[in-house]
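Please look at the sequence and the model first, and then follow the points below by topic.

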Amino acid sequence: FRRVVSLCAHFVATTLSSVYNDVCKDRLYTYAVNHPQRRSTQTAVHAIHGILVRVLAPILTFTADEAWCHARFKADFAPDGAPTPCVHLADWPVAAPEWRDDARASDFAELLKVRAKANEALEPMRQAGKLGKSLDAAVTLTVSSADPLAAVLQRHAEFLPELFIVSQVS
C-alpha cells in the first residue's frame with residue numbers, strides 16, 4: 001500500500017507537476033480553444049486522469065469514483081463503447097501500442113537532462129534578480145556535432161523553447 005501510494009504521489013508531483021504540467025500550461029491557458037496543440041494536451045490530460053483514477057481506485061475508492069464521475073468518462077475506456085458509470089466497473093488501464101515509441105522516449109530522456117542543466121544555469125540568475133521569468137531568457141547550447149546529443153537536439157529544435165520554458169534556444 002505504502003509503496004503504491006508513494007510511487008503514484010512521486011509520479012504526480014515530479015513527472016506531471018514539475019515537468020509535463022509546467023511545459024504544457026501555456027498551451028492550455030493561452031492557445032485558442034480549438035488550437036491543435038491545446039486540444040492534444042487536453043486529450044493527453046484526459047487520458048492521464050482516466051488512468052490515474054483507475055490505478056488509485058482500489059486504494060482511494062470513494063475519491064476515485066467521485067473523480068471518475070466528475071470527469072464524465074463515457075465510452076473512453078469501455079471495451080464495448082458503452083458508458084462506464086463507476087470507476088470500479090472500468091477495465092484496468094492498458095497502454096495503447098501506438099503510444100510506445102522507444103526512440104522518442106530515449107530522446108526525451110536526454111532532453112530532460114539538458115532541461116535540468118538549463119534550469120540549473122537559469123536559477124542563479126533568478127535568485128540574483130537578473131531574470132524575472134524563464135520566458136525572459138534565451139538559452140544557447142554548445143554541443144559538438146560528433147556528440148549524439150546534437151542529433152537529438154536538432155530533431156526536437158522547434159520544441160526546445162517550450163520544453164525549457166524560455167523564449168529562444170539556439
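Arg38 has its place in helix H2, where helices (H or I, at least four residues) are DSSP runs numbered from the N terminus. The model is a predicted one, in which local features need pLDDT of at least 70 and side-chain atom pairs count only at pLDDT 80 or more, while totals for chains, interfaces and linings use all residues. Residues are numbered from 1 along each chain as its sequence is written, and side-chain values use heavy atoms, with hydrogens and water left out.

**Arg38**

- Arg38 is buried yet has no salt bridge, and the nearest side chain of opposite charge, that of Asp26, is 11 Å away; buried means under 20% relative accessible area, exposed over 50%, and partly exposed in between (1.4 Å probe, protein chains only).
- In this account Lys and Arg count as positive and Asp and Glu as negative, while His and the chain ends are not counted, and a salt bridge is a side-chain nitrogen of Lys or Arg within 4 Å of a carboxyl oxygen of Asp or Glu.
- Leaving aside residues up to four places away in sequence, Arg38 touches Arg27, Leu28, Tyr31, Ala32 and Val33, contact being heavy atoms within 4.5 Å.

**Salt bridges**

- A search of the whole structure finds eight salt bridges, and one of them joins Asp22 to Lys25, with the closest N and O atoms 2.9 Å apart.
- Asp22 and Lys25 are three residues apart in helix H1, and so are separated by about one helical turn; Asp22 is partly exposed at a relative accessible area of 24%, and Lys25 is partly exposed at 35%.
- Arg104 and Asp101 meet through their side chains in a salt bridge (4.0 Å, N to O); Arg104 counts as partly exposed at 49% relative accessibility, and Asp101 is partly exposed with a relative accessible area of 36%.
- Another salt bridge brings together the side chains of Asp107 and Arg155 (2.9 Å, N to O), a pair that links distant parts of the chain, since Asp107 lies in helix H4 and Arg155 in helix H5 (residues 148-155), 48 residues apart.
- Asp107 is buried, with a relative accessible area of 8%, whereas Arg155 counts as exposed at 52% relative accessibility.
- Salt bridges that share partners join Asp22, Lys25 and Arg115 into one network.

- The largest pocket holds about 1500 Å³ of space; a pocket is an open set of points on a 1 Å grid over the protein atoms alone, where a 1.4 Å probe fits, with protein on both sides within 12 Å along at least five of seven lines, and lining residues have an atom within 4 Å of a point.
- Of the 34 residues lining the largest pocket, Tyr20, Ala44, Ile48, Trp99 and Arg104 are the closest to its centre.
- Helix H1 (2-30), helix H2 (36-56) and helix H4 (102-127) are the elements that give two or more residues to the lining of the largest pocket, and H2 gives the most, with nine residues.
- The second largest pocket has about 170 Å³ of space, and its lining consists of Val12, Leu16, Ser17, Tyr20, Asn21, Val45, Ile48, His49 and Leu52.
- H1 and H2 are the elements that give two or more residues to the lining of the second largest pocket, with the largest share, five residues, coming from H1.

Definitions and conventions
Grid points are joined across faces, edges and corners, and a volume is the space filled by probe spheres set on the points.
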